[in-house]
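Reader: Hi! Could you walk me through this model?

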Amino acid sequence: MRISTKGRYGLAVMVVLGQAENGVTAGDAAKTLGLSKIYLEQVFTLLKKGGLIQSTIGKGGGYRLISTPKEVTALDILKATEVALFEETEKTVSTDQILENTLGDVWGVLDSSVVTALSGVTLQDLIDKSKVSGEYSYDI
């Protein structure tokens, strides 16, 4: 499975937010991760629209998690940042009904397997893994 830069950065920035007690600014997150602040702001916008983080404006402002890291899954994060990845698989019209049914079955199994696997990985799991390795990993 190929996850885009937004998806990988979304996972990484959520780890940073999960480790921060009082939230972080986009600039601080960009510095911590060695990424572009402008690009990370786009990721923050997606995560905010996805209902995973909130922002505060002004002195002491920044981004914070809405839920605890144990309540957020990799699926939640990737659904917010990888919209196309979770669109229902298109089933093309085919004159060969057997082929159409078979492909529908395969895509259905694949779609449900991805959802099940990503639901089993929490943000807390990713935070714990980054503490052990000392690095921010984008691997699930």
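Author: Happy to; we can start with the overall make-up and then look at some residues.

Author: This is a predicted model, in which local features need pLDDT of at least 70 and side-chain atom pairs count only at pLDDT 80 or more, while totals for chains, interfaces and linings use all residues. Residues are numbered from 1 along each chain as its sequence is written, and side-chain values use heavy atoms, with hydrogens and water left out.

Reader: Thanks! How many helices and strands does the protein chain have?

Author: The protein chain has 6 helices and 2 strands, in the order α-α-α-β-β-α-α-α along the sequence. Helices (H or I, at least four residues) and strands (E, at least two) are DSSP runs, numbered from the N terminus.

Reader: How do β1 and β2 run, parallel or antiparallel?

Author: Antiparallel: strand β1 (residues 53-56) and strand β2 (residues 62-65) are joined by 4 bridges. Strands pair if DSSP finds at least two bridges between them. They form a hairpin with 5 residues between them, and G58 in the turn has a positive phi of about 100°.

Reader: Nice. Which residue in β2 stands opposite I53?

Author: That is L65.

Reader: Switching to helices, what about α4? How many of its residues are buried?

Author: In helix α4 (residues 74-81), 6 of the 8 residues are buried, namely A74, L75, I77, L78, A80 and T81. Buried means under 20% relative accessible area, exposed over 50%, and partly exposed in between (1.4 Å probe, protein chains only). For the protein chain, 33% of the 140 residues count as buried.

Reader: Why does T81 count as buried?

Author: Because its relative accessible area is 7%.

Reader: And what does T81 touch?

Author: Leaving out residues up to four places away in sequence, T81 touches K6, G7, G10, V43, L46 and L47; a contact means heavy atoms within 4.5 Å. A polar atom of the T81 side chain also lies 3.0 Å from the backbone oxygen of I77.

Reader: What share of the contacts between residues at least 6 apart join residues at least 24 apart?

Author: In the protein chain that share is 67%.

Reader: Last one: where is D111, and how far is it from L85 in space?

Author: D111 is in helix α5 (residues 97-119). D111 is partly exposed because its relative accessible area is 30%.

Conventions:
Polar contact = N/O pair within 3.5 Å; in protein donor to acceptor, adjacent residues only side chain to side chain.
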